[in-house]
Amino acid sequence: MQPVDFTTLTAACSELRAHWLPSRTEQVFQRDRYTISVALRTLKQRGWLEISWHPQAARICIGEPPPRTPDTFTFSQQLIHQLGGLALIAIEAIAPWERVVDLQFARRPGESPLYHIYVEIMGKYSNVILTDASNLIITAAHQVSQQQSSVRPIQTGQLYETPPKLTGPVPSLSESQQRWQERVSLVPGGIKRQLLKSYSGLSAALVDSMVRSANIAPDTTTDSLTPENWQQLFAQWQVWLQALNDEKFHPAWTAEGYTVMGWGAVTPATDIQQLLNRYYTDRLNEQLFSQLRHQLSQKLNNILAKLRLKANTFSERLQQSDRADEYRQKADLLMAHLQNWEAGMKEITLPDFETGLPVAIALQPDKNAVQNAQSLYKQHQKLKRARAAVEPLLAEVNGEIAYLEQVEDAIAQIEKYQTSEDLQALEEIRDELIGQGYLEDPEYRNRSNNEATSSFHRYRTPSGFEVLIGRNNRQNDQLTFRVAGDYDLWFHAQEIPGSHVLLRLEPGAVPEETDLQFAANLASYYSRARQSDQVPVVYTQPKHVYKPKGAKPGIAIYKQERILWGKPQSTVQSQLANDN
């Protein structure tokens, strides 16, 4: 992940000063353990200033409004208690080339600041610290004890001390090319590495794009550069320093991340705030998505393995109980031929009542014929009772397996992160599993089971009818039992875990065969059988779809269905690009 370097921080703060000073502090919301959002209002606009001390994505920029969930963190409560209603009057760097920003708050513009928020963008040491006018620490996002750091502890009530000053040389517009070149080439090595070693205030991403913009490979050694190469590189060096001096930047997306200098631009960005917000939101969401998907898949695999083992055990016991009638038949034969029994017999062979074929019956030699028959009758009754006890247990386990396979299939369909809705869909699955008791999470905040936060998959049939597809069980229930109308058609892979699919129809509208086939193809693709050539798909009116009493999310039964053969690999592949 590309870290916020000095250049990016300077560009972001320059833009914030231009558009958000002065502004009134209205609210503070802590999104997670690393991020707060401060609601700011100017005469022209209102927005949320996002401040993060994430070890990989520390930043400051205008972000999205926070979610409508309770804020349970104390840090944000302390901030709003001190800053509520005050004006943000200044955004200043504490010293040249330092990645520490001082946000100053006063009663009104023109007055002396009453409070400071120091935002330290320093990788794993990033922090956000609130102090009063005399720089006494009121609170900090991350408190550092004397035991953790004897050099720079950060604790409530102590005087705020700035981070240790930079020790290396810093870039300067007044430095000549000769002096600059001598410093960089003093020790031979790769040009990118030597620039980073020779000056403070640089980042790997900045130097890489700077060197490439001078048409030089980053691993080119200093002793192999031509005079023309040095001149081109110094020219880009000067462009960079001039941009910092004039605070004129060119935000853009690159092939591997972003730039505020315009070097290696692939797509221009509207502004630096939007650029940073989108980049870090997406990168962090990707991390969360991968972690959550792995955790859910692993947990489901473990649970399903145990349930399938239990189901096999129950099935074996039922197979044993299938022999109950055999024990009763042998007991009847033995009672009908008591005269054939002799003392001490271990086995007796008697003709079957219907076929006349010989039937061998094992006997206990210490018991007489009647006692042996009674033992066989008891075994018959025992196996019959076992069937009555095991059948509901097996049905319950098979129901759990069917439900979890449906969940497993929903996770499999969300293969990679593309938008924030992909992460939301996974989070809904996690919340559902917690609600069903399959997962434990002490931080879980209960949400309404009837409200899906991410969107359905949406497609258009050849005739233009809309098709909606649930991405998880919560959405499947909402789609089938809340969204579906009287004129719609409901599709699902027959007896195969998969998504609920809804073909939306207006009153009087009649879908063509191509529309029905299109919806069937989608239902087959969004099912566990998506790799098959053909999949049986049922469809019916939503009024014929029911949820059994006490059934788990996503489970439904149907009647008056018709069957189509869905072809997941034919139509669907060409339509996936149209997914909204």
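These legends go with close-up views of a predicted model.

**View 1**
Look through the whole structure for disulfides and you come back with 0. Cysteine 13 is in no disulfide, and the nearest cysteine sulfur, that of cysteine 61, sits 10 Å away. What about the view from the other end, that of cysteine 61? The closest cysteine sulfur to cysteine 61 is in cysteine 13, at 10 Å, and that is too far for a bond. A disulfide needs the two sulfur atoms within 2.5 Å, so a 10 Å gap rules this pair out. As a reminder, a disulfide is a covalent bond between the sulfur atoms of two cysteines. Are these residues buried or exposed? Cysteine 13 is buried, at 5% relative accessibility, and cysteine 61 is buried too, with a relative accessible area of 0%.

Arginine 41 belongs to strand S2 (residues 35-41) and glutamate 26 to strand S1 (residues 23-32), so the contact ties together parts that are 15 residues apart in sequence. Both partners are partly exposed: arginine 41 comes in at 39% relative accessibility, and glutamate 26 at 33%.

**View 1. Aspartate 477 and lysine 547, helix to loop.**
Which residue does aspartate 477 form a salt bridge with? The partner is lysine 547, with the closest N and O atoms 3.3 Å apart. Aspartate 477 lies in helix H11 and lysine 547 in the loop between strand S20 (545-546) and strand S21 (557-558), so the bridge ties together parts that are 70 residues apart in sequence. In this pair, aspartate 477 is buried, with a relative accessible area of 17%, whereas lysine 547 is partly exposed at 32%.

**View 2. A sheet of three strands.**
This open sheet has 3 strands in the order S11-S10-S12, and the pairing is antiparallel. The edges are strand S11 (258-259) and strand S12 (265-268), each of which pairs on one side only. Strand S10 (residues 252-254) and S12 run antiparallel to each other, paired over 3 bridges. To get your bearings, find alanine 252, which stands opposite proline 268 in S12.

Nonpolar side chains tend to be buried together in soluble globular proteins. In this model, the largest nonpolar core has 70 residues. Those with the most contacts inside it are Leu103, Leu195, Trp237 and Trp240. Which helix gives this core its largest share? That would be helix H6 (residues 227-246), with 8 residues. Leaving out its neighbours within four places in sequence, tryptophan 237 is in contact with Pro171, Trp180, Leu195, Tyr199, Leu202 and Met210. A second, separate core has 29 residues, among them Val390, Ile401, Leu404 and Leu433.

**View 3. Serine 52 and its polar contacts.**
Serine 52 sits in strand S3 (residues 46-52) and is buried, at 1% relative accessibility. What does its side chain reach at 3.3 Å? The answer is the backbone oxygen of tyrosine 34. A polar atom of the serine 52 side chain also lies 3.1 Å from the backbone nitrogen of histidine 54. Not counting residues up to four places away in sequence, serine 52 touches Tyr34, Thr35, Ala57, Ala58, Arg59 and Ile121.

Notes: Residues numbered from 1 in each chain as written. Predicted model: local features only at pLDDT ≥ 70, side-chain atom pairs only at ≥ 80, totals over all residues. Heavy atoms only, no water. Buried < 20%, exposed > 50% of the residue type's maximum accessible area, 1.4 Å probe, protein only. Helix = DSSP H or I, 4+ residues; strand = E, 2+ residues; numbered from the N terminus. Salt bridge = Lys/Arg side-chain N within 4 Å of Asp/Glu carboxyl O. Pairing = 2+ DSSP bridges. Core = buried A, V, L, I, M, F, W, Y, C linked by side-chain atoms within 4.5 Å. Contact = heavy atoms within 4.5 Å. Polar contact = N/O pair within 3.5 Å; in protein donor to acceptor, adjacent residues only side chain to side chain.
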